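Hi,

Here's the model I said I'd pass on. Have a look, and my notes on the helix packing follow below.

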Amino acid sequence: MFSEYLDKLRMYGKRHFTFQEIIQDLHVSENAAKAGLFRLKKANKIITPIKGLYVIVPPEHRPYGSIPAEELVPIIMQHLNADYYVGLLSAGLFYGATHQKPARFQVVTNRRIKHPLKFGDVVIELVYKDSLENLPTKDFVVRTGYLKVATPELLTIDLFKYSDRAAGISHIATVLSELTPSIDENKLIELAEHLGEVRQIQRLGFILEKIDVMEDEEKKLKIIDKLLEYMKNANRPFVSLVPYMPRTGCPRHKKWKIVENTDFESDL
């Protein structure tokens with residue numbers, strides 16, 4: 001009965017259901033529903049990312065323990081009525097700027113979810129942010145709807161803001177070597193000012209001067225010139241290249257007002 005229910009849902013294009021829906025649709029008791037769902041879960045036919053929410057795992061995805069993260073995230077966030085966007089290294093994937101698929105699918109959200117979102121090979125890492133209001137995102141079409149992804153400008157700021165979540169400054173430099181052609185320097189400056197994250201402009205400019213970009217060197221130079229022009233009119237203090245590392249005794253780069261408290265190099 002329960003397996004046939006999954007087949008029927010999939011036939012109508014549904015990928016998930018709730019505990020109350022299965023009780024109503026099959027006219028069964030709560031205990032019978034729990035027993036049937038337990039069997040489905042044990043057979044790897046469903047997962048339960050959030051209490052009361054069940055996501056169907058089609059046969060082709062059962063060896064991995066879940067549907068892909070990019071398909072699972074819209075279902076979870078819609079169920080929670082939560083704001084979110086795919087960010088950091090995972091967002092880089094959508095702009096061809098993460099040459100190696102991250103082990104975790106990184107999502108920035110305004111909801112705190114304490115339990116781990118790990119289903120077989122699929123691991124979703126949540127980064128909490130108080131408010132996501134008016135943050136620029138781009139919609140990508142996936143099988144389960146639309147997936148919100150940080151714009152290149154928001155992604156750039158977040159890479160520095162959450163550098164400890166982005167595998168370190170050398171990895172950030174590697175991402176930027178591929179992401180740079182997609183960055184709109186005017187939107188970046190406007191967003192940094194809006195978020196109070198001008199320090200990330202200093203870090204970006206410093207990094208860009210030291211790395212090669214994959215496709216458009218002229219675009220890199222254009223961004224650097226625009227950032228320098230902006231910095232001339234901004235009275236900025238020195239900031240550490242990496243905020244979570246010691247800075248005592250480290251050299252200072254006057255042009256970008258950066259404390260060089262670590263070394264780095266791009267992998268590309």
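Starting with H6 and H8: Glu153, Leu154, Thr156 and Ile157 of H6 meet Lys187, Leu188, Leu191, Ala192 and Leu195 of H8, where contact means heavy atoms within 4.5 Å. By class that contact has six nonpolar, one polar and two charged residues.

Quick housekeeping: this is a predicted model, with local features needing pLDDT of at least 70 and side-chain atom pairs pLDDT 80 or more, while totals for chains, interfaces and linings use all residues. Numbering runs from 1 along each chain as its sequence is written, and side-chain values use heavy atoms, leaving out hydrogens and water.

The axes of H6 (residues 152-161) and H8 (residues 185-195) come within 9 Å and cross at roughly 55° (lines fitted to C-alpha atoms over the stretch in contact, angles from 0 to 180 degrees between N-to-C directions).

Which residues of H8 are buried? Glu185, Leu188, Ile189, Leu191 and Ala192 are (buried is under 20% relative accessible area, exposed over 50%, with a 1.4 Å probe and protein chains only). Down the H8 axis they fall within an arc of 165°, so they line one face of the helix (the arc is taken from the directions from axis to C-beta atoms). Exposed Lys187, Glu190 and His194 sit on the face turned away from that buried side. The cover over the buried residues of H8 includes H6, H9 (199-208) and H10 (217-232).

As for H9 and H10, their axes come within 10 Å and cross at roughly 140°.

Cheers

Technical notes. Helices (H or I, at least four residues) and strands (E, at least two) are DSSP runs, numbered from the N terminus. Ala, Val, Leu, Ile, Met, Phe, Trp, Tyr, Cys and Pro count as nonpolar, Asp, Glu, Lys and Arg as charged, and the others, Gly among them, as polar.
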